[in-house]
Amino acid sequence: MYKMTENQLVLPEDFFLPFGGKLNKENRWVVLANLIPWWQFEEAYANTMKRSSRGQQAFSVRMALGALYIQQRKGLSDRDTVEEITENPYLQYFIGLPEFQEEAPFNPSMMTHFRKRLDADMINQLNEAIVMEELAGQSREDDDDQDDDSDDNDDPPSENTSSESADTQSDDQPANQGKLLLDATCTPADIAYPTDLGLLNEAREKLEHIIDVLHAPHRGKKKKPRTYRQKARKAYLSVAKQRKPKAKKMRKAIGKQLGFVERDLKIVSSLKEESSLSLLTRQEYKQLLVISELCRQQRDMYDKRSKRIDDRIVSISQPHVRPIVRGKAKAGTEFGAKVSVSLVNGYALMENLDWDNYNEGTTLQKSAERYKSRFGHYPEAILADQIYRNRENRQYCKEKGIRLSGPALGRPSKEKAQIQKQLAKQDAAERNEIEGKFGEGKRHYGMGLIFARLQQTSETVISIQLLVMNLERRLRLLFYYFFQRFFGISVELKWAV
């Protein structure tokens, strides 16, 4: 059963503290609670649960989203998140509790259910709504400033100015405005660095456990098939313990482990006719399916002497994870989801998320169209790296009147070459903002290592991390505007990016 909480919001001064006093309205968690439009996604969250008037009342969307936000903001585990909320009255107010309580508001296992209920699409919609509201507010402030400047200017408008404005108004297509920054990054999953030999050894050990489970009803009645597990383990360790085994020796070891795995799969196939796969747990049955596909891939690569195959499995526990070749100095290949992000005025929006590697240049046109649907016009310029500058994107930007960063095709004149060089230098400096945004997410908000294990919950975590970055930026801007308005302090705005 779920009960709507739209009209049940508690003000900071109404939050009951058994030890006396009141909550500070300027506390960051109180301010954050007022920045998030919780009620906008109340109905969508309620639809994720069964319709019933009986049973225990479900937790509110504010409690679910608030707990996930706290976890990503502070970089905590599920258990530590619940303990932190239990000890802090401001966090309890943030998740919507009416008064401070000393017992935990929910069990740590509920965090997994929260991640399942609040999927990535729902979080991205909330993130976009918050960003659009902030950008609309900034636009209104800029318009007010321009009106004030025009009131101070007593000179009448010239005839040329009026004719230009008339021409602009006659044009149905709004002028391009703003800059759109595009880039992609990989969000690594929390898995051990995969090797073919290690994966096959892990698969063999799990198959041996499955064989034990399937043979258990026949124990004492029928002899268990031989798996040669001790021999297989010894063969694996003889190579795995070497620091740099030669390629020929490694291939031989992979062939041996592959043979053991294929033998175990045949034993499982024969046992399931005598027993039943219903003896396996859901996790064991899933592992069996993943191992079967892993064995097929490894056999195909082994026979072809290849190191590449489509949809390559690099983790048995997380089969959705794929290798993402990035070519970075630190790691040439990362293992996780590839995320394309757009940045507008310092706010990050997700454009695409995929576990398979893809060419991020194909997302430029979709990102530009989304920009137009959000703001009513195309961007004046798109700042992106070289992979986005293919001929299709150049032609698209030319048709839409968008300036794409980077040098134009062909040999420019000496005058244009100097101008293009200065413009490219300026674009590169401005494009560093999105690189810094990725660094902020990976260093402070957990984007550098995703601990969620399911595909759906991992996507939710990545979306929440973008939401956290945007809301933290809003907090910094509020602090900046507060000092500027009430104390007359002019501070560099770069620190708020």
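Tutor: Helices are DSSP runs of H or I with at least four residues, numbered from the N terminus. Axes are lines fitted to C-alpha atoms over the stretch in contact, and angles run from 0 to 180 degrees between N-to-C directions. This is a predicted model, in which local features need pLDDT of at least 70 and side-chain atom pairs count only at pLDDT 80 or more, while totals for chains, interfaces and linings use all residues. Residues are numbered from 1 along each chain, and side-chain values use heavy atoms, without hydrogens and water.

Student: Why is H9 called oblique to H12?

Tutor: The axes of H9 (residues 196–215) and H12 (residues 282–304) come within 10 Å and cross at roughly 140°. Angles under 35 degrees count as roughly parallel, over 145 as roughly antiparallel, 65 to 115 as roughly perpendicular and the rest as oblique. H9 is therefore oblique to H12.

Student: What makes H3 roughly perpendicular to H4?

Tutor: The axes of H3 (residues 61–74) and H4 (residues 78–87) come within 10 Å and cross at roughly 105°. That angle makes H3 roughly perpendicular to H4. Their contact (heavy atoms within 4.5 Å) includes Ala67 and Ile70 of H3 and Thr81 and Ile85 of H4.

Student: Why does Cys295 count as buried?

Tutor: Buried means under 20% relative accessible area, exposed over 50%, and partly exposed in between (1.4 Å probe, protein chains only). Cys295 has 6% relative accessibility, so Cys295 counts as buried.

Student: What makes Cys397 buried?

Tutor: Cys397 has a relative accessible area of 1%, and is therefore buried.

Definitions and conventions. Helices (H or I, at least four residues) and strands (E, at least two) are DSSP runs, numbered from the N terminus.
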